[in-house]
Amino acid sequence: MAIAFTKYHGLGNDFVLIDNRHHPEPCLTPAQAIEWCDRHFGIGADGVIFALPGQDGTDYTMRIFNCDGSEPEMCGNGIRCLARFIADLEAAETGAARAAYQIHTLAGVITPKLEADGQITVDMGLPRLIAAEIPTTLAAPHEKVIDLPLEAAGQTWQVTCVSMGNPHCITFVDEVAAIPLEAIGAQFEHHPAFPKRINTEFIQVVQRDYLKMRVWERGAGITLACGTGACASLVAAVLTGKSDRRATVELPGGTLLIEWSETDQRLYMTGPATKVFEGER
Ligand code: ZDR
């Protein structure tokens with residue numbers, strides 16, 4: 001039987017969304033998700049996202065498979081797309097959609113809010129900084145990984161590691177355009193210092209409130225944007241004294257506004273989510 005889907009993107013980080021609200025398990029296997037994401041033989045996407053019934057009092061549950069079939073804990077651009085998708089579903093069914101949702105994810109409860117101007121602001125929760133939580137072996141389990149050396153791709157990089165539920169390794173460079181991401185990204189992703197593999201961000205500090213970022217995503221390779229990566233990168237920039245707690249992050253697909261709140265220490269990400277088309281497969 002054909003399965004209905006809708007394609008969305010957040011700054012060119014694109015996802016196939018599936019209405020899975022009536023069953024607690026995803027209706028596709030990871031192997032099927034790989035086929036659906038294929039840009040030549042399938043629909044084409046960086047991942048497949050399932051809107052599942054809520055758990056523990058939340059409105060919905062999000063699960064996601066990367067285009068290589070692996071399952072990340074969280075996805076920042078994806079959760080904005082999920083919020084827009086369920087708001088569109090609710091509006092079609094009842095004529096009204098809620099303005100905020102509590103979403104259960106493998107990284108805890110995440111709260112997206114649909115703003116009047118069409119943007120979506122997501123409470124992304126607290127960053128995790130301890131090596132054991134990332135996870136990485138670059139420092140002792142209870143230590144933070146801030147500006148430490150990593151040997152990869154034939155050279156030494158100074159890296160800072162942050163988990164937003166999913167793992168990130170951030171390197172500050174003078175010029176992001178000069179980084180041969182295609183050639184070196186996979187060597188970070190599969191480095192033995194990262195037992196669950198890693199998302200890798202290269203950051204150029206343009207101003208204290210403006211960062212330029214390029215990303216190699218775990219399970220997806222080069223993508224046009226990464227919401228959790230933008231949050232993790234702002235945290236790394238603050239921890240190393242390079243930026244303010246609120247900054248615009250420019251990605252190849254567009255910009256996100258990221259704030260690491262002084263009040264509650266949580267990350268707030270604001271950006272768009274756009275419907276592209278719907279179909280069935
Ligand atoms: C980076 C991401 N697209 C986002 O916007 O946060 C999340 C995708 C998941 C990522 N590839 C991972 O952690 O495996």
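**Close-up views of a predicted model**

View 1. A polar side-chain atom of glutamate 217 lies 2.9 Å from a nitrogen atom of the ligand. Taken alone, the ligand exposes 370 Å², and the protein buries 100% of that (Shrake-Rupley accessible areas, 1.4 Å probe). A polar contact here is a pair of N or O atoms within 3.5 Å. This is a predicted model, in which local features need pLDDT of at least 70 and side-chain atom pairs count only at pLDDT 80 or more, while totals for chains, interfaces and linings use all residues. Residues are numbered from 1 along each chain as its sequence is written, and side-chain values use heavy atoms, with hydrogens and water left out.

**View 2. Here is the shell around the ligand.** The ligand is surrounded by 14 residues (a heavy atom within 4 Å), and the closest are Gly76, Arg218, Cys226, Gly227 and Thr228. By type, the shell divides into four nonpolar, eight polar and two charged residues, with Gly counted as polar and Cys as nonpolar.

**View 3. Now look at the two domains.** Domain 1 (4-119 + 272-280) and domain 2 (131-265) both give residues to the shell, so the ligand lies between them. The domain bounds come from an automatic or database assignment.

**View 4. Finally, visit a loop.** Proline 135 is found between strand E7 (120-125) and strand E8 (148-152). A cis peptide bond, with omega about -5°, joins isoleucine 134 to proline 135. Aspartate 147 lies in the loop between E7 and E8 too, and its phi is near 55°, a positive value in a residue other than glycine.

Definitions and conventions: A polar contact is a pair of N or O atoms within 3.5 Å; within protein, one must be able to donate a hydrogen and the other to accept it, and residues adjacent in sequence count only if both atoms are side-chain atoms. Helices (H or I, at least four residues) and strands (E, at least two) are DSSP runs, numbered from the N terminus.
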